[in-house]
Amino acid sequence: MRLQSTIDENLSVDKTRFAGAGLPLNERRPISIFYLITSLEVGGAQMMLYKLLSGMDRTRFRAQVVSLIDLDLGPLREKFKTLPIRLRSLGMRPGTPNPVSVLRLARWLRADRPAVISTWMYHADLIGGFAAKLAGGIPVVWGIRQGDLSREGNRWLTLQTVKACALASRWLPARIICNSEASRKVHAAVGYEAKKMIVIPNGSDRTMFKPDRAARRSVRSELEIPEGSPLIGLVGRFHPHKDHHNFIRAAALLHRHRPDVHFLLCGDEVTWDNPQLAAMIHDAGIHGRCRLLGRRHDIPRLTAALDIAVSSSFGESFATVVGEAMSCGVPCVVTDVGDSALIVGKTGLVVPPQNSKELATALGQLVELGQEARASLGMAARCRIKEHFDLPDIVARYQNLYQDLADSERI
């Protein structure tokens with residue numbers, strides 16, 4: 001009783017949650033959405049949150065973002081600061097649980113009184129869920145962005161957090177958003193409350209990612225790649241899930257038959273200064289055919305310059321880079337993980353994960369198709385994105401969910 005009394009005193013503020021309840025929709029104040037994300041590191045979850053915030057209807061919604069991890073540790077901080085949102089951090093350190101942060105977050109929630117809390121990634125789900133309960137039961141929407149729960153691809157603390165979330169999923173969140181059907185199945189299997197789970201896939205911005213012949217020419221000129229040489233690209237940070245080793249082995253096999261093919265790789269730690277990656281490439285004998293570009297800020301331009309895009313991962317939920325390549329009219333070869341096969345449909349090729357021979361064979365098939373046939377396949381891929389994964393449609397699905405939860409709280 002004393003603990004609860006102390007918490008109530010620390011969190012005590014005006015309990016009015018919603019401005020304009022009962023008014024016609026066009027006379028209400030914008031619905032306040034409080035986003036909580038683990039970090040602002042470069043990743044698919046962070047980029048999807050950025051795209052969602054960029055596309056939201058600001059006459060209907062007002063957003064703020066809180067990162068668990070110190071903002072100074074987030075490379076995407078400056079990108080988020082360009083948005084008309086409030087951006088804060090709880091100042092937590094990676095791998096260091098801090099229960100005090102839950103109380104601090106609860107105080108912020110009591111002070112701001114958002115209509116909905118939308119959490120992204122496991123640690124934010126758990127912390128945000130408990131803070132919401134302490135702040136008076138604000139509805140929480142959890143966000144699951146991962147499709148692999150293997151020990152090989154995850155830290156011990158992450159897997160323990162998943163177990164805790166599975167137990168708490170019966171009473172903490174109002175809804176649980178998975179970004180892929182594969183992710184929904186995996187998490188339901190480990191105990192997440194299936195009745196609360198819905199799938200809203202990642203969306204692709206077809207206005208930013210689009211076919212661009214000028215980009216094709218300029219990138220080849222910049223990287224000194226002959227115009228007629230096929231260019232195969234892998235966009236993704238250096239991480240076990242991405243399985244760069246699988247890609248490099250496949251590239252080496254393809255190089256034996258098509259030495260004219262070049263390979264472009266970019267993402268965090270994808271540089272020649274990475275000794276592990278550099279050794280893979282040297283051992284594969286394709287040093288002269290690889291361009292390692294590291295972190296880049298012109299991904300739409302680089303992607304549009306490709307002839308073929310690759311996702312060689314053994315662990316994915318929804319591979320955003322695949323949708324972006326398809327939006328650029330670039331056909332893809334993907335491993336059969338997460339929803340990758342669903343994303344490409346009949347517009348690309350699907351191979352088993354961790355099978356470099358099959359990956360090399362599929363890449364060779366698309367190389368042998370020739371530029372004109374690949375372009376036709378790429379246009380079909382762009383149409384598929386428009387039909388199933390177009391960003392404005394995905395943003396609308398999030399907004400409708402937030403609206404429904406806010407309206408149900410007003411009743």
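Does Asp243 count as buried or exposed, and at what relative accessibility? At 10% relative accessibility, Asp243 counts as buried, where buried means under 20% relative accessible area, exposed over 50% and partly exposed in between, with a 1.4 Å probe and protein chains only. This is a predicted model, in which local features need pLDDT of at least 70, side-chain atom pairs count only at pLDDT 80 or more, and totals for chains, interfaces and linings use all residues. Residues are numbered from 1 along each chain as its sequence is written, and side-chain values use heavy atoms, with hydrogens and water left out.

View 1. Look for Asp243 in the loop between strand E8 (231-235) and helix H9 (244-257); helices (H or I, at least four residues) and strands (E, at least two) are DSSP runs, numbered from the N terminus. Glu269 sits in the loop between strand E9 (262-266) and helix H10 (275-284), and at 54% relative accessibility it counts as exposed.

**View 2. Helix H4 (residues 100-112) and the residue just after it.** The 13 residues of H4 should span 18 Å at 1.5 Å a residue, and the end C-alpha atoms are 19 Å apart, which agrees; the expected span is 1.5 Å times one less than the number of residues. Buried residues in H4 are Ser101, Val102, Leu105, Ala106, Trp108, Leu109 and Arg110. Just past the helix, Arg113 takes a positive phi of about 50°.

**View 3. Ser118 in strand E4 (residues 116-120).** With 2% relative accessibility, Ser118 counts as buried. Its side chain makes a polar contact with the side chain of Trp120 at 3.3 Å. For such a contact, a pair of N or O atoms lies within 3.5 Å; within protein, one must be able to donate a hydrogen and the other to accept it, and residues adjacent in sequence count only if both atoms are side-chain atoms. Setting aside neighbours within four places in sequence, Ser118 is in contact (heavy atoms within 4.5 Å) with Ile33, Phe34, Tyr35, Leu36, Val141 and Tyr402.
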